[in-house]
Amino acid sequence: MKYLEYPPEDPSVISELAQSVEKFIILATAVEHKLFDHFKKPKSAEEVAKELKLDERITKKVCNALVASGFLKEANGKYSLTKVSKVFLVSDSPYYQGNLIKLYKRTREERWRKLEEALKSGPLGFQRTHSVFDEGFILAMAEGAIRWDLPRTVEILREMPEFMKAKKLLDLGGGHGLYALAFKEINPELDVYLFDLPQVIKVARKFVGNKVKLIAGDFTKDDIGSNYDIIFASDVFYRGVEELESVLRKVYSSLNENGLLITKHWHIDNLREDATAVFFDLMFSIFEDVDRVYSTPDFCDILESCGFSIVDIYDVGESYSPSKMVIAKKVAGR
């Protein structure tokens, strides 16, 4: 009888996957209530429950679950922060990830729950609106950048002679402005412009002050300026081919001869290694019948069709952010 035999494969991957959902819900709930801020010094769950006006019994069980997940430590009935929670989950940490966690929660509630409907009926007709780019979204993008992508990008660009000699740079769809600030820091002679939607620019101003010139507009419709030595674009080219080509031709026209377009995006080159990008691509597809996430070769083909010559490609990613940096040049006479 088959059910008396052990299965030929380890089933733990299924249980671990289900448990990962539970861990995230617990973590997101704790972040929502700023629970970690109250454990900077060891405290009992009951003390924190009283401070936050929460149910004492459930708070203690949440704290136990956070210990089981590695986000709190427990000793003699007192709970305290782990190294991970000190760095990423306390709201005054420079590496705080709370807004990003809230965005993860929002997208899973608003988008992923509709996967079953899309699987049966096809894309559900989602319309991209500018309202998604609220302050919480922009702060989440900033928190995502500081985990890895921003320092890794700067690490590469500071070694590029063309970048260090450049005089005028546009951060296209630059959002929070942290990349623009970093570029100005490593090349103080660089005249840096940041272009984004009007409501995004209001938030960016809080980050960059008067260190970067700000331009408000929609780069799919409006003029983005000219005579740039470099245009940098991070995670803004997830668009259908027709719209993407239109934007890239505008970028091409705005560059000086031999100017560089530096893009940093998630690409799908390996379904397992680039799993984060695969899930991201599926999320778009729940609502739209336009592919927005490309393989690196396909993306390079689109760049070349718009007149660019590919200069170099860097793998700058980690599993949680499988980014490739593609550097392309506006070649004279093309």
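User: Where do the contacts of this protein reach along the sequence, at least 6 apart or at least 24 apart?

Analyst: A contact here means heavy atoms within 4.5 Å. Among contacts between residues at least 6 apart in sequence, 66% join residues at least 24 apart. This is a predicted model, in which local features need pLDDT of at least 70 and side-chain atom pairs count only at pLDDT 80 or more, while totals for chains, interfaces and linings use all residues. Residues are numbered from 1 along each chain as its sequence is written, and side-chain values use heavy atoms, with hydrogens and water left out.

User: How many helices and strands does the protein have, and what box do its C-alpha atoms fill?

Analyst: Helices (H or I, at least four residues) and strands (E, at least two) are DSSP runs, numbered from the N terminus. The protein has 13 helices and 9 strands. Taken along the principal axes, the box filled by the C-alpha atoms is roughly 70 × 55 × 35 Å.

User: What share of the residues is buried, and what does the accessible surface come to?

Analyst: A residue is buried under 20% relative accessible area, exposed over 50%, and partly exposed in between (1.4 Å probe, protein chains only). Of the 334 residues in the protein, 44% are buried. Accessible areas come from the Shrake-Rupley method with a 1.4 Å probe, and for residues only the protein chains shown count as cover. The total is about 18,100 Å², and carbon and sulfur atoms account for 54% of that surface.

User: Which residues of helix α2 are buried, and why do they line one face?

Analyst: In α2 (residues 45-52), the buried residues are Ala-45, Val-48 and Ala-49. Seen down the helix axis, they fall within an arc of 105°, so they line one face of the helix. That arc is taken from the directions from the helix axis to the C-beta atoms. The elements against which the buried residues of α2 pack are α3 (56-69) and β2 (78-81).

User: Where is Thr-59, and what does it contact beyond its neighbours in sequence?

Analyst: Thr-59 belongs to helix α3. Its relative accessibility is 6%, and therefore it counts as buried. With neighbours within four places in sequence left aside, Thr-59 is in contact with Ala-45, Ala-49 and Leu-54.

User: In which sense do β3 and β4 pair, and how many of their residues are buried?

Analyst: Strands β3 (residues 168-172) and β4 (residues 191-196) pair over 5 bridges in the parallel sense. Within β4, Leu-194 is the bridge partner of Asp-171, and Asp-191 is that of Lys-168. Both strands are mostly covered: 4 of the 5 residues of β3 are buried, as are 5 of the 6 residues of β4.

User: Where does Phe-237 lie, and which residues does it touch?

Analyst: Phe-237 lies in the loop between β6 (228-234) and α11 (241-254). Because its relative accessibility is 1%, Phe-237 counts as buried. Not counting residues up to four places away in sequence, Phe-237 touches Leu-172, Leu-244, Val-247, Leu-248, Thr-263, His-265, Arg-292, Tyr-294 and Phe-299. Trp-266 is 29 residues from Phe-237 along the chain, and their C-alpha atoms are separated by 9.8 Å.

Note on methods. Two strands pair if DSSP finds at least two bridges between them.
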